[in-house]
Structures are given as C-alpha cells and as structure tokens.
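Dear colleague,

Please find below the structure that I am handing over to you.

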Amino acid sequence: MATADRELLSRTARNAVRGLMSGLVAGAIGEYWENEHFAADPDFIPGEGGVRKQLFDSYSASVDWTDHDHVTRALRVFESMLRRLDRESRKYGANGLPADTVAELREAFARDGCRLDDELRLHTARVANLVVHVDALSEASGIQGELERVRRFGADYPDDAIGAAKQLIEATAKLVLLKRNLPVDERQDLPR
C-alpha cells in the first residue's frame, strides 16, 4: 500500500465547508468549482441536504481526493467559497464568518496539515507525494502512520516533521529487522 492511495483531505474538512453552502447562491458554488476545472459528476446520486449542498456534493464527487493536483485545486475552491461567505456576511453588517465557525474550520483543516489564516486563505505543507512501497511487507502500519505525519506537518511545522521523519526511519528499521527474523526491542531508538 502507498500513502498516495489515501485521501489527502478528510471528509471532516470537506464537510466543514459543505455545511456552509446554504449561505452561497447555487451559481457561485458551480462557478467556483468550474473555475478550477471541475465538473459536476454526472453519475452523482443526491443524498442528504438542500439543493446547494447537493450541488456542492455533485462537484465534490468528481474530485480524486488521493490526487495532489485535484486536492490543491479543490482547496482553492474552498478558499474562494469561504472568502465569499465572509465578504457576504460583512456586506450585510456582520463581522464576517462567526469566530466559532472559523475555529471549527481551522481545526478540521489542521488535522490534514492545512492552515487557515486570518484572511481565510488555506496553506498546505509542500511535502508532495511521499510514497513507500510496502506491499510485500507485513506490519507496515507504523511506516504508513509516520509517512502521514510527515506529510501533514511538512513545511509549516518543521520540528514535528523532523521528529516524524526520525520515527519513520525507526519504524522502517524495525520492520526490516522483523522481516529478517532478528530481535527487535520496541523501546530502541534510532542510534541503537
């Protein structure tokens, strides 16, 4: 299994944006997706939610959430939507998106290694396409977990990324020892 097969943006983050769609006109929803060269999925089967959430879902269904290019473009869609919602709120006398909504969005995106700044711009780690070929190995979950951490932390949290990389090397070394039927002490660190 390779980490490229994993979704790069969680359903939690996607649903956090989806939940705000009732505040946008349907035309804007389609426009933002189409500006980033997405089309509504013709095979989409509507689920829960009103017309605008279903419209959002029809475009979201066309995104390959395991593809870096698709996710980068989808994040630009989300950023445009959030900034529009904020502008619309201010236009009608409010102070923009509510602070608790922004906090929830930040938390949802942070889990996936994205940072939502004060101007509602999304920043992602630029650690691209970390892949490990472990198809023939058993017990590779430690490697997969550390690759995911390195991807999430990336450039925004370099100390954490370095720590995750060290742990990735340790997990890989321990897996090699296991595959060679050599003793492994789970408490051993990299130098040992």
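In this predicted model, 62% of the contacts in the chain with a separation of 6 or more are accounted for by residues 24 or more positions apart. The chain has seven helices and two strands. Read from the N terminus, these elements follow the order α-α-α-α-α-β-β-α-α.

As for burial and surface, 37% of the 192 residues in the chain are buried. The accessible surface of the chain is about 11100 Å², and carbon and sulfur atoms contribute 50% of that area.

Beyond its neighbours within four places in sequence, Arg18 is in contact with Glu48, Gly49, Lys53, Phe56 and Asp57.

Because its relative accessibility is 49%, Val25 counts as partly exposed. When neighbours within four places in sequence are set aside, Val25 is in contact with Arg52 and Arg84. Between Val25 and Arg52 there is a separation of 27 residues in sequence, while their C-alpha atoms are 7.4 Å apart in space.

With kind regards

Terms used:
Residues are numbered from 1 along each chain as its sequence is written. This is a predicted model: local features need pLDDT of at least 70, side-chain atom pairs count only at pLDDT 80 or more; totals for chains, interfaces and linings use all residues. Side-chain values use heavy atoms; hydrogens and water are left out. Buried means under 20% relative accessible area, exposed over 50%, partly exposed in between (1.4 Å probe, protein chains only). Contact means heavy atoms within 4.5 Å. Helices (H or I, at least four residues) and strands (E, at least two) are DSSP runs, numbered from the N terminus. Accessible areas come from the Shrake-Rupley method with a 1.4 Å probe; for residues, only the protein chains shown count as cover.
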